Every structure is written in structure tokens, then in C-alpha cells.
Amino acid sequence: MKSLGVKGILIKAAEQGYITQLACKMPECFCPEELGGACYFEPVTNEWSDWRTDWMPTLEHFPVSKKEGGKAAVDNAILAHRLCNRLDHSLRAGRSHRRDLEPIRKAREEGIRRNNLLTGNTEGGEIPTVVATVEATGEPAEETEPDAEAATLKPMKTKKAPEWKSLPDAEKAQYLLDHQTISDRTWTDEPRLKGEKRDAFIHRILGFPKTP
């Protein structure tokens with residue numbers, strides 16, 4: 001994260017084990033898979049007119065949101081794309097997010113362009129469109145008209161839940177201990193206690209793994 005220009009709480013949270021993966025941990029990440037998905041980040045910058053600022057790392061207050069009085073602290077911080085952070089707030093608040101559809105489309109187009117350069121595909125290809133769902137009908141529709149106020153953004157890709165999430169608590173605890181890069185938010189909404197290490201946190205929430 002330091003190489004991206006990240007400073008402050010996010011760095012401290014990573015150093016203390018609260019952030020274990022360079023990935024957007026919002027409930028839904030909208031960074032196109034063609035660009036790199038949840039693990040893709042652009043460096044921090046103040047050039048707000050640049051499309052890349054949408055994909056730079058930002059702090060999201062979790063599990064206690066800023067609106068609910070959550071503070072910027074190592075045990076209340078997750079990593080998020082700037083645009084995903086903004087979109088999450090818009091969706092929860094019922095605020096129009098129409099203007100955020102175009103940056104996602106452009107990011108997907110840029111991802112496809114880069115992939116074509118890497119693979120030597122100079123002919124390019126069809127650029128997928130961002131799909132929206134109209135709340136009034138529940139039918140999918142392309143976001144082409146600027147007055148589609150009722151459109152609700154869908155995530156870029158629906159993923160099947162990992163098998164480990166359905167394991168019994170003791171087995172899940174062992175799995176989490178064996179896979180240190182899985183973030184807390186992936187498997188629980190409970191926060192860590194102040195100064196609580198990862199293994200102690202897992203044991204407190206799920207119980208100790210079975211011993212041979």
C-alpha cells in the first residue's frame with residue numbers, strides 16, 4: 001500500500017494485522033474484472049479529473065460506519081476503491097448513482113484495451129456495456145438514457161460463495177488460521193477487541209479448531 005501512496009490508518013491497520021490483503025473489501029466491488037477487479041488499485045493522487053482516481057485506495061469505516069459515529073481506527077478500517085466506497089454509500093442512502101455508471105464503463109473499456117495490447121489483439125473487440133436493473137419492472141436494461149433515475153447498479157460479476165464458508169465453526173476456524181490473507185469482514189461482522197490478534201479473534205468468535 002505504501003507504494004501506492006497510502007498513508008495513515010490504513011498503513012497502521014495493515015502493520016497490525018487488521019488488513020491482510022491488497023483488495024477492495026466493500027460488500028460489492030465494482031472494479032471491472034477486465035481491469036483487474038478487487039485487487040486492482042491506482043496510486044493515490046489529487047488529480048480528480050483523472051479517471052484513475054476512481055480506483056485509488058481509500059479508507060472505509062467498518063464495522064461501525066462514519067455515519068453511525070465510527071472513528072478512523074485500525075480496528076474500524078477496511079480498504080476500498082474510492083468509487084466503490086462512494087457507490088456503497090449511494091446505494092445504502094437511496095441516492096442516485098447514475099453518474100457512476102460511466103466511469104465503470106470507461107474502466108472496463110480501458111481494461112479490455114490493455115488486455116488487447118498484451119495479447120497482441122490489435123482488432124480490439126466488443127466492449128461490454130454496464131448493465132442496470134430497473135426497479136419498477138425488475139427487467140434488465142442497458143444504461144443508455146440519462147433519465148433512467150430508477151436504475152440500480154448490479155455488481156460486475158456474481159461469484160459463488162466459497163465452500164469454506166459453509167464449514168462447521170471449528171473447521172472454519174482452522175481454515176482461517178491456515179489462510180492468513182482472508183480478511184475479517186469476509187466471514188464475520190464482529191469487530192476485533194482492542195489489541196486482539198487474528199488467532200485470538202478467530203478462537204473467540206468460532207471456537208478452537210478440533211485437535212487430532
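Helix α2 contributes the most to the lining of the second largest pocket, with four residues, where helices (H or I, at least four residues) and strands (E, at least two) are DSSP runs numbered from the N terminus. The model is a predicted one, in which local features need pLDDT of at least 70 and side-chain atom pairs count only at pLDDT 80 or more, while totals for chains, interfaces and linings use all residues. Residues are numbered from 1 along each chain as its sequence is written, and side-chain values use heavy atoms, with hydrogens and water left out.

The space in this second largest pocket amounts to about 220 Å³, and the residues that line it are L59, E60, H61, S65, K66, K67, N85, R86, H89, R92 and R95. Two or more lining residues come from each of β1 (57-61) and α2 (82-93). Divided by class, the lining holds one nonpolar, four polar and six charged residues, with Ala, Val, Leu, Ile, Met, Phe, Trp, Tyr, Cys and Pro counted as nonpolar, Asp, Glu, Lys and Arg as charged, and the others, Gly among them, as polar. A pocket here is an open set of points on a 1 Å grid over the protein atoms alone, with protein on both sides within 12 Å along at least five of seven lines, whereas a cavity is a set of points where a 1.4 Å probe fits but cannot get out, and lining residues have an atom within 4 Å of a point. Grid points are joined across faces, edges and corners, and a volume is the space filled by probe spheres set on the points.

The loop between β1 and β2 contains P63, and the peptide bond that leads from F62 to P63 is cis, with omega near 15 degrees. Most peptide bonds, by contrast, are trans.

The structure holds one cavity of 30 Å³ or more, and the volume of the largest cavity is about 210 Å³. Its lining is made up of 20 residues, with Y18, A77, I78, D184 and R185 lying nearest the centre, and strand β2 (residues 77-81) gives the most to this lining, with three residues. By class, the lining of the largest cavity comprises ten nonpolar, four polar and six charged residues.

R192 is located in the loop between α4 (169-178) and α5 (198-206), and this residue is buried at a relative accessible area of 5%, buried meaning under 20%, exposed over 50% and partly exposed in between, with a 1.4 Å probe and protein chains only. The R192 side chain reaches the backbone oxygen of G17 at 3.0 Å. Apart from neighbours within four places in sequence, R192 is in contact (heavy atoms within 4.5 Å) with G17, Y18, D75, D184, K197, R198, F201 and R204.

Helix α4 itself includes K172, which is buried with a relative accessible area of 12%.

As for the cysteines, the count of disulfides, each a pair of cysteine sulfur atoms within 2.5 Å, comes to zero. C24 is in no disulfide, and the nearest cysteine sulfur, that of C84, is 4.0 Å away; C24 counts as buried at 6% relative accessibility. The sulfur of C84 has its closest cysteine sulfur in C29, at 4.0 Å, which is too far for a bond, and C84 is buried with a relative accessible area of 0%.

Terms used:
A polar contact is a pair of N or O atoms within 3.5 Å; within protein, one must be able to donate a hydrogen and the other to accept it, and residues adjacent in sequence count only if both atoms are side-chain atoms.
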